[in-house]
Amino acid sequence: MFQKGTSFANRQLVIYVMDKPGQEHFRVGLTVSKKVGNAVTRNRIKRHLRELVREFKDDMLQEKDYVIIARNPVANMDYHEIKKSLIHVMKRGKILRSSRQSRQQSPKNIRKK
């Protein structure tokens with residue numbers, strides 16, 4: 001997969017993306033190396049990443065496979081910092097649909113004429 005797909009990264013995360021035409025839904029693989037920390041730390045990072053994928057599942061492009069690799073700096077980050085980093089990498093890779101930005105605008109900010 002690494003040879004055929006494309007990758008996008010920042011200092012904390014790497015995302016590999018591969019097209020899978022005909023596949024109904026996307027698939028995600030998570031990787032956190034032993035170099036990142038002990039088992040407790042690695043499992044916490046994977047829990048955060050799984051929850052973030054659930055949060056963004058409606059906005060992610062379908063018919064693709066994703067592999068998300070956590071790098072060392074993620075060990076010292078909390079949920080919100082990981083979320084910010086993941087959004088940054090997903091925007092770099094154009095993985096998120098534009099519907100996410102439109103949903104973030106609240107109806108209160110829209111004036112009716």
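Where does glutamine 23 lie? Glutamine 23 sits in the loop between S2 and strand S3 (27–32); helices (H or I, at least four residues) and strands (E, at least two) are DSSP runs, numbered from the N terminus. This is a predicted model, where local features need pLDDT of at least 70 and side-chain atom pairs count only at pLDDT 80 or more, while totals for chains, interfaces and linings use all residues. Residues are numbered from 1 along each chain as its sequence is written, and side-chain values use heavy atoms, with hydrogens and water left out.

**View 1. Glutamine 23 and its partners.** At 17% relative accessibility, glutamine 23 counts as buried (under 20% relative accessible area; exposed is over 50%, partly exposed in between; 1.4 Å probe, protein chains only). Its side chain makes a polar contact of 3.0 Å with the side chain of aspartate 65 (a pair of N or O atoms within 3.5 Å; within protein, one must be able to donate a hydrogen and the other to accept it, and residues adjacent in sequence count only if both atoms are side-chain atoms). A polar atom of the glutamine 23 side chain also lies 3.3 Å from the backbone oxygen of lysine 64.

**View 2. Strand S2 between its two partners.** Six of the seven residues of S2 (residues 13–19) are buried, so the strand is largely enclosed by the rest of the structure. S2 pairs with strand S1 (residues 6–9) in the antiparallel sense over four bridges; pairing takes at least two DSSP bridges between the strands. Three residues separate S1 and S2 in their hairpin, and threonine 6 stands opposite valine 17. Strand S4 (residues 64–70) runs antiparallel to S2, joined by seven bridges, with aspartate 65 as the bridge partner of methionine 18.

**View 3. The largest nonpolar core.** This core has 25 residues, and Leu13, Ile15, Phe56, Met60, Leu86 and Met90 touch the most other members. A nonpolar core here is a set of buried Ala, Val, Leu, Ile, Met, Phe, Trp, Tyr and Cys residues joined through side-chain atoms within 4.5 Å. S2, helix H1 (39–56), S4 and helix H2 (79–92) each supply at least two of its residues. Leaving aside neighbours within four places in sequence, methionine 60 is in contact (heavy atoms within 4.5 Å) with residues including Phe26, Tyr66 and Met90.

**View 4. Helix H2 and what covers it.** Ile82, Ser85, Leu86, Ile87, Val89 and Met90 are buried in H2, and their cover includes S1, S2, H1 and S4. Just after H2, lysine 94 takes a positive phi of about 55°.
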